[in-house]
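Take a moment to look over the sequence and the 3D view.

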Amino acid sequence: GELNNHTSLSEQFYNRVAKIARQEYGLIIDREIAVGEKSVVYRGSGSGQTAAIKARLATNFELFSTPSNEALQERLAQSKDVRHEAFIEFFGGIIQDDTQILVSEFLRTGRALDKKLAELRQDKARLSVDRVRLAVSSLAGALAAFHKKGIAYGNLRPSDVLFIVASKDDWHVRIPKFRMTRMDELEGAPARRLSFHPEVVTYLAPEQHKKLMITQKTDQYSLALLAIEMLQGEPPVLVKSLSDIKRKEKFFNKPEAFAKNWSARSPRLRKVLYKMLSKDPKDRYASMQEIVDELETAKNTREDSRRIAKQSYAALAPHKLEVLGDFYDMLFARFPALKVHFKRDIKSPALLRKLDRAILYLINFRPEDMAHEPTILTGIRESHAKYGLLEQDFDNFAECLLDAPHHVGETREETQEAWRTTLAPGLAYMKDCCVAEFEIEAEVAAGAETQDTSAPAEVSD
């Protein structure tokens, strides 16, 4: 509305957003979630729902244009009926008082992928190749749903993607069904009219450097760039200055020359991504659905990992009792507090055989098994429920289990990742019997009775 000399520009902007959210959607803003270069995201509540409210100025000062509310509604209508589990649903959007807002579902555990990748770089860590392949397959399926409607999604960047953690070894990604930047991606707009912003130029396809046309083939290219960044923690070429454009042109011609160690770890994924990065759009996949088929579904990927885990465990047969004994030595050396649960000799053949069976149950446990009781892990889960174990204890178990076979040659990263992917559903099921640490502390603080640890229960497997 009107300029007020007694309030800052940011306060005026917030007041406009709060007014629109309240009047149009019955939402009261309760806090700010994130601030970007051009937009702000708030959390709003009302009418029994919680929603994310993304807001920015409607006028685009780089393209010298102000889209109309009618144009926004037309674009929203195009996206409304597109369905896929990877999409973040929107409830509505409006341009009013030179302010554009989009109201969508609020994901409490989500965080921007670019922030997650920055954290991994700092910790010198990386995402699992198998999990990245699942994420890319899911995003490709979402984009394929758009393409079936004859709509191109637009260049996909890490800041557009929400990284959602379900458990330590299980995460997935989701993308907004509608992005505000779609109002800027005017088909046929000359690239020279685009400001020289690193995040924009870094993710352009070769053909977009001449003309900023958004097509289904440029969607392929940007998804492949996103996948590589997830695998190696940074884009293959980050454009920070005009001189980086020359490096980008070299990447257009020979992307494999810029590959890092992920390339050797997954030849199949490498083949798919390089085809998506073909300089000539005609050489890319004919459709996004072909990419989904190439990357496999989540179930098939888990089955691939299960096969690898089973093969590696079977290969340990001549050393199995020795390796399982080493596992217990390692577990109690690293986490001595767990030893109080054991009364019998941990190297006894009977106990080692029970551990062997438990490992096989974990390997063969599938996510869909959780919907039906009893499962192959029900007995083991019930026997562990009385020990007052924490979720971290199960993570420690998995860590030692993966490290125990090292002296007999099982150190390949592919095998390690296959084990992590295979064990994750069973461990998640087992963790349901845990008493969370904060719950124990809360009970103690409240004077509640806690389990007597003076006579620890004996582990049966």
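**From a loop to a set of helices**

Start with Lys-124, which sits in the loop between α3 (113–123) and α4 (129–148). The model is predicted. Lys-124 is not a glycine, yet its phi is positive, at about 55°. Is Lys-124 buried or exposed? Exposed means over 50% relative accessible area. Lys-124 has 80% relative accessibility, so it counts as exposed.

Now find Ser-47. Its place is the loop between β2 (39–46) and β3 (49–57). Ser-47 counts as exposed because its relative accessibility is 71%.

Step back to the whole chain. It has 17 helices and eleven strands. There are 461 residues, and 48% of them count as buried. Next, take the contacts between residues at least 6 apart in sequence. Of these, 69% join residues at least 24 apart.

Turn to a pair of helices. Helix α6 covers residues 216–232, and helix α9 covers residues 267–276. Their axes come within 8 Å and cross at roughly 140°. That angle makes α6 oblique to α9. The crossing of the two is left-handed.

Which residues of α6 and α9 meet? From α6 come Gln-220, Tyr-221, Leu-223, Ala-224, Ala-227, Ile-228 and Leu-231. From α9 come Leu-269, Leu-273 and Met-276. Sort this contact by class, and you get nine nonpolar residues, one polar and no charged.

Stay with α9, and look at its contact with α10. The axes of α9 and α10 come within 10 Å and cross at roughly 170°. Angles over 145 degrees count as roughly antiparallel. The two helices are therefore roughly antiparallel to each other. On the α9 side, the contact uses Arg-268, Leu-269, Val-272 and Met-276. On the α10 side, it uses Ile-291, Glu-294 and Leu-295. By class, this contact has five nonpolar residues, no polar ones and two charged.

Finish with α10 itself, residues 288–295. Its buried residues are Met-288, Ile-291, Val-292 and Leu-295. An α-helix has 3.6 residues a turn, so residues three or four places apart point the same way.

Key
Residues numbered from 1 in each chain as written. Predicted model: local features only at pLDDT ≥ 70, side-chain atom pairs only at ≥ 80, totals over all residues. Heavy atoms only, no water. Axes fitted to C-alpha atoms, helices over the stretch in contact; angles between N-to-C directions. Helix = DSSP H or I, 4+ residues; strand = E, 2+ residues; numbered from the N terminus. Parallel < 35°, antiparallel > 145°, perpendicular 65-115°, else oblique. Left-handed = near helix turned anticlockwise from the far one by under 90°. Contact = heavy atoms within 4.5 Å. Nonpolar A, V, L, I, M, F, W, Y, C, P; charged D, E, K, R; others polar. Buried < 20%, exposed > 50% of the residue type's maximum accessible area, 1.4 Å probe, protein only.
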